[in-house]
Amino acid sequence: MQRRTFLTAIAALGPAVVLVPGWAQAATAKKANPLDSVDRYPSRLSADGSLEFVRGGKQHKKAFKLYMLGGQKLRLDFAGGLRLLLVGPKKVYLRAASAAKVQLVSTAARRRGLLGTELRPEDIMMFHLAPLFSAHVVKKTKTEIFAFLTPKPKTNLSLVQALQKVDVRKSVTKELLFTSAGGDYVRKITRGGFVKVGGLWIPTATTITNLVKRKSARLTLKNVSATKAVSPALFKSAALTA
């Protein structure tokens with residue numbers, strides 16, 4: 001585990017660090033969160049996906065179907081019956097493969113891996129950062145922006161702070177590096193394989209890495225489509241049992 005603080009992270013970014021958040025100036029004038037301008041999604045989205053992970057020394061792969069509505073609601077249906085629904089920044093529902101009922105995921109349960117992997121409900125919540133974090137830009141170049149993210153009050157996230165790397169040309173987050181309360185780097189999310197769907201850049205490869213255990217899980221998407229066939233009815237908790 002790397003025991004580094006965000007002060008050393010700032011130093012590592014080089015002499016071009018900007019302490020006045022230029023990226024956020026326009027948004028601040030409008031009293032908006034600068035994170036609203038990145039990681040945008042079509043109003044309706046669907047994709048086929050796979051979750052890859054190592055368990056017991058063997059490589060495993062679990063297929064799933066992804067649905068998204070309004071850029072804020074997200075549903076994952078895994079092969080075998082596990083279903084997860086995110087209907088707001090802090091509200092996650094889960095139906096386990098062996099369960100008949102749908103459960104509202106508690107704050108503690110949001111920090112537990114799904115299917116015995118490093119993928120946690122809290123990681124899935126990170127697809128939409130604006131409701132969860134406030135941003136402060138520390139460096140800006142022609143191609144990248146680096147910002148420190150601080151959780152908003154009452155989000156109850158296990159991760160205290162994050163260093164975000166944004167691709168300016170695509171307006172997408174490429175990397176999130178999280179710290180614990182003690183200042184250690186504990187978790188990293190990297191996104192890549194961006195494809196343009198509905199005029200917006202969507203990541204098709206996401207890797208979640210536990211820097212303490214040195215374990216990771218990888219989400220891969222294909223057949224990504226901005227389709228009107230995604231029904232709002234899919235995003236009701238009762239629909240997870242259908």
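**Exercises: a pocket and its strands**

The largest pocket has a volume of about 250 Å³. A pocket is an open set of points on a 1 Å grid over the protein atoms alone, where a 1.4 Å probe fits, with protein on both sides within 12 Å along at least five of seven lines. Its volume is the space filled by probe spheres set on the points. The model is predicted: local features need pLDDT of at least 70, side-chain atom pairs count only at pLDDT 80 or more, and totals for chains, interfaces and linings use all residues. Residues are numbered from 1 along each chain as its sequence is written, and side-chain values use heavy atoms, without hydrogens and water.

**Exercise 1.** Describe the lining of the largest pocket.

*Solution.* 
- Step three: find the elements. β1 (44–55) and β15 (215–225) each give two or more residues. Strands here are DSSP runs of E with at least two residues, and helices are runs of H or I with at least four; both are numbered from the N terminus.
- Step four: sort by type. Three are nonpolar, five polar and six charged. Asp, Glu, Lys and Arg count as charged; Ala, Val, Leu, Ile, Met, Phe, Trp, Tyr, Cys and Pro as nonpolar; the others, Gly among them, as polar.

**Exercise 2.** Find the strands that pair with β1.

*Solution.* 
- Step one: recall the rule. Two strands pair if DSSP finds at least two bridges between them.
- Step two: take β2 (residues 58–69). It pairs with β1 in the antiparallel sense over 12 bridges. G49 has F64 of β2 as its bridge partner.
- Step three: inspect the turn. Two residues separate β1 and β2 in this hairpin, and G56 in the turn has a positive phi of about 65°.
- Step four: take β15. It is antiparallel to β1 over seven bridges. S225 in β15 stands opposite S46.

**Exercise 3.** Is K213 buried or exposed?

*Solution.* 
- Step one: locate K213. It sits in the loop between β14 (205–210) and β15.
- Step two: apply the cut-offs. Buried means under 20% relative accessible area, exposed over 50%, and partly exposed in between (1.4 Å probe, protein chains only). K213 counts as exposed because its relative accessibility is 54%.
- Step three: look across the chain. R187 is 26 residues from K213 in sequence, and 9.7 Å away in space, C-alpha to C-alpha.

Conventions: On a 1 Å grid over the protein atoms alone, a cavity is a set of points where a 1.4 Å probe fits but cannot get out, and a pocket is an open set with protein on both sides within 12 Å along at least five of seven lines; lining residues have an atom within 4 Å of a point.
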